Amino acid sequence: MPQIPEKIQELTVGQLSARSGAAVSALHFYESKGLIRSRRTSGNQRRYCRDALRRVAFVRAAQRVGIPLATIRDALAELPEERTPNRDDWARLSEAWRSELDARINRLARLRDHLTDCIGCGCLSLETCVLSNPGDVFGDRMAGSSLLPERRARKPGAC
């Protein structure tokens with residue numbers, strides 16, 4: 001990994017890519033979505049502040065656990081622009097996602113624990129499926145897939 005001297009306060013897109021491990025196209029995408037910012041030189045080249053390295057690392061880590069980009073963007077908007085975010089800044093943001101991540105972990109554990117049964121089941125009704133219908137919340141209302149709307153009674157002669 002190339003080292004960038006401390007005296008250099010701005011990074012080219014190539015330097016940011018090399019240091020962060022993100023493809024140049026990903027960095028352009030992140031910028032288009034408002035996740036990172038750059039300034040343009042007189043030659044129209046992008047220059048990123050050094051704190052973009054931490055922001056890109058944060059984006060990539062959040063994406064790996066399934067946090068939507070809009071949520072990531074909103075979180076990054078809360079970070080200070082005038083300085084590199086510190087440990088307290090990151091801790092505050094990650095705490096806000098803890099309950100969402102806990103719920104996701106629970107759903108994934110349920111999927112892991114019941115996936116073999118589900119694949120072999122072939123029920124197609126999803127009436128009592130622990131994955132699609134946890135707690136059988138639809139079982140008392142109707143049979144069949146919980147994703148299909150209830151059919152209305154047809155009038156005689158109607159299609």
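Reader: How do you know that strand β1 is joined to strand β3?

Author: Good place to start! In this predicted model, two bridges join β1 to β3, which covers residues 46-49. Pairing requires at least two bridges, so β1 and β3, with two, count as a pair. They run antiparallel, and Leu11 is found opposite Tyr48 of β3.

Reader: And what joins β2 to β3?

Author: Again there are two bridges, and these strands also run antiparallel. Two meets the cut-off of at least two, so β2 and β3 pair as well. One example of facing residues is Arg40, whose bridge partner in β3 is Arg46. The two strands form a hairpin with five residues between them, and Asn44 in the turn has a positive phi of about 65°.

Reader: In which order do the strands of the open sheet lie?

Author: The order is β1-β3-β2, with antiparallel pairing across the three strands. As for what holds such strands together, strands of a sheet pair through backbone hydrogen bonds.

Reader: What makes β1 and β2 edge strands?

Author: Each of them pairs on one side only: β1 is residues 10-11 and β2 is residues 39-40.

Reader: Why is it said that the buried residues of α1 line one face of the helix?

Author: Let's list them: Val13, Leu16, Ser17 and Ser20 are the buried residues of α1, which spans residues 13-20. Looking down the axis of α1, these residues fall within an arc of 100°, so they line one face.

Reader: What do the buried residues of α1 pack against?

Author: They pack against β1, α2 (24-32), β3 and α3 (52-64). After α1 comes Gly21, which has a positive phi near 85°.

Reader: Why is Arg55 called buried?

Author: Its relative accessible area is 6%. Buried means under 20%, so Arg55, at 6%, belongs in that class. Arg55 is placed in helix α3. Leaving out residues up to four places away in sequence, Arg55 touches Ile36, Leu76, Leu79, Pro80, Glu81, Pro85 and Trp90.

Reader: How do α3 and α4 pack?

Author: Two packed helices are described by the angle between their axes and the distance between the axes. For α3 and α4 (residues 69-77), the angle is about 145° and the axes are 10 Å apart. Their crossing is right-handed. Arg55, Phe58, Val59, Ala62 and Gln63 of α3 make the contact with Leu69, Ile72, Ala75 and Leu76 of α4.

Reader: Which classes of residue are in the contact of α3 with α4?

Author: Seven are nonpolar, one is polar and one is charged. Arg counts as charged, so Arg55 is the charged one.

Reader: What is the pattern of the protein along the sequence?

Author: It reads β-α-α-β-β-α-α-α, from five helices and three strands. Of the 159 residues in the protein, 26% are buried. Among contacts with a separation of 6 or more, 46% come from residues 24 or more positions apart.

Terms used: Residues numbered from 1 in each chain as written. Predicted model: local features only at pLDDT ≥ 70, side-chain atom pairs only at ≥ 80, totals over all residues. Heavy atoms only, no water. Helix = DSSP H or I, 4+ residues; strand = E, 2+ residues; numbered from the N terminus. Buried < 20%, exposed > 50% of the residue type's maximum accessible area, 1.4 Å probe, protein only. Arc of directions from axis to C-beta. Contact = heavy atoms within 4.5 Å. Axes fitted to C-alpha atoms, helices over the stretch in contact; angles between N-to-C directions. Left-handed = near helix turned anticlockwise from the far one by under 90°.
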